[in-house]
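Dear colleague,

I am handing over the structure that follows, together with some notes on what was found in it. Please read the notes with the model open beside them.

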Amino acid sequence: MKKKKINKVIIYILIVLVGIIMVYPLLWMIMASFKTNSEIFGSVKLLPKSFSLDSFIEGWKGTGQYTYGTYFLNTIILVVPTTLFTVLSSAIVAYGFSRFRFPGKKILLGVLIATLMLPSTVVIIPRYTLYNSLGWLDTYLPFYVPALLACNAFFVYMLIQFIRGIPRELDEAAYIDGCGSFKTFSTILLPLMKPALFSAGLFQFLWTYNDFFNSLIYINSVNKYPISLALRTAIDADANIQWNEIMAMSVVSVLPLIVLYFMGQKYFVQGIATSGLKG
């Protein structure tokens with residue numbers, strides 16, 4: 001019994017140590033937002049000499065004619081519709097693959113899963129050429145349209161696995177009550193898919209919010225920059241970089257993600273835990 005208690009204490013200590021290591025970069029970034037450049041590069045202390053909100057006030061003004069209010073608004077306009085379109089389209093496609101039989105179903109599903117192994121950087125040139133010919137560059141359509149067409153196979157596959165775990169008897173009972181396919185999907189399956197849908201939405205929100213590469217490729221106008229590109233514009237090798245302001249805006253940009261995760265942690269964990277179950 002005593003040995004079990006000792007083992008449990010050791011495990012808790014290891015968990016706490018790992019947690020501190022994981023959280024330390026975030027704590028350092030928060031504390032660095034209150035430091036001067038000399039403190040950041042000339043001291044290893046975590047705590048600053050004094051606390052002031054000047055770095056947040058000055059950092060919010062930005063480096064050009066646009067403030068971070070514009071960049072955050074652009075981020076919302078980019079991320080929220082992309083996330084909603086992804087969740088909606090992926091749920092519909094997953095419903096079709098998991099509940100219906102049609103010619104070529106196995107081949108199409110195999111092609112869909114195969115796209116998971118294709119790096120996005122491989123298709124960036126064909127995509128750029130296509131979007132350029134369609135006149136979509138410097139707009140948010142390169143993000144909206146693929147999301148609306150369920151082009152992210154990861155979410156489709158995840159939702160397929162989740163729907164397969166929902167008994168078909170519920171569908172049959174709905175059909176007996178006079179429900180069609182769409183009503184069965186919207187009134188029976190969608191409420192049960194809430195954990196998986198939230199997990200998919202959280203993943204897509206996070207990936208789009210942090211996406212730097214695609215935003216840099218498709219968006220050219222500064223007034224349309226999301227927060228990921230705005231933070232990069234603040235770093236100029238020929239200027240006196242105020243790193244505390246950059247850290248302050250980084251803290252502000254991370255806060256929505258942290259709040260969103262803790263608000264939906266229950267559904268997120270539940271959706272991930274049950275997406276691979278069947279029956």
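A residue is called buried here if its relative accessible area is under 20%, exposed if that area is over 50%, and partly exposed in between, with a 1.4 Å probe and protein chains only. Please keep in mind that this is a predicted model, in which local features need pLDDT of at least 70 and side-chain atom pairs count only at pLDDT 80 or more, whereas totals for chains, interfaces and linings use all residues. Residues are numbered from 1 along each chain as its sequence is written, and side-chain values use heavy atoms, with hydrogens and water left out.

Along the principal axes, the C-alpha atoms fill a box of roughly 70 × 70 × 35 Å. Of the 279 residues, 37% count as buried.

The accessible surface comes to about 16900 Å², and carbon and sulfur atoms hold 70% of that area; the areas come from the Shrake-Rupley method with a 1.4 Å probe, and for residues only the protein chains shown count as cover. Among contacts with a separation of 6 or more, 74% are between residues 24 or more positions apart, contact meaning heavy atoms within 4.5 Å.

Next come the aromatic rings. Rings of Phe, Tyr and Trp (its six-membered ring) pair if their centres lie within 6.5 Å, and planes under 30 degrees apart count as stacked, over 60 as edge-to-face and the rest as tilted. By this rule there are 19 aromatic pairs. One of them joins Y68 and Y71 edge-to-face, at 5.4 Å centre to centre and with 85 degrees between the planes. These two tyrosines are separated by about one helical turn, because they stand 3 residues apart in helix α4 (residues 68-99). Y68 counts as buried at 4% relative accessibility, and Y71 is buried with a relative accessible area of 4%.

Another edge-to-face pair is formed by F85 and Y144, with 6.1 Å centre to centre and 90 degrees between the planes. This pair links distant parts of the chain, since F85 lies in helix α4 and Y144 in helix α7 (residues 141-148), 59 residues apart. Which of the two classes, buried or partly exposed, does F85 fall into? F85 counts as partly exposed at 28% relative accessibility, whereas Y144, at 16%, counts as buried. Elsewhere, ring pairs link Y131, W136, F143 and Y218 into a cluster.

T83 is placed in helix α4 and is buried, with a relative accessible area of 9%; not counting residues up to four places away in sequence, T83 touches G201, Q204 and F205. L108 is placed in helix α5 (residues 105-114) and counts as partly exposed at 46% relative accessibility. Leaving aside neighbours within four places in sequence, L108 is in contact with F97 and F102, while L108 and I227 are 37 Å apart in space, C-alpha to C-alpha, and 119 residues apart in sequence.

With kind regards

How values were computed
Helix = DSSP H or I, 4+ residues; strand = E, 2+ residues; numbered from the N terminus.
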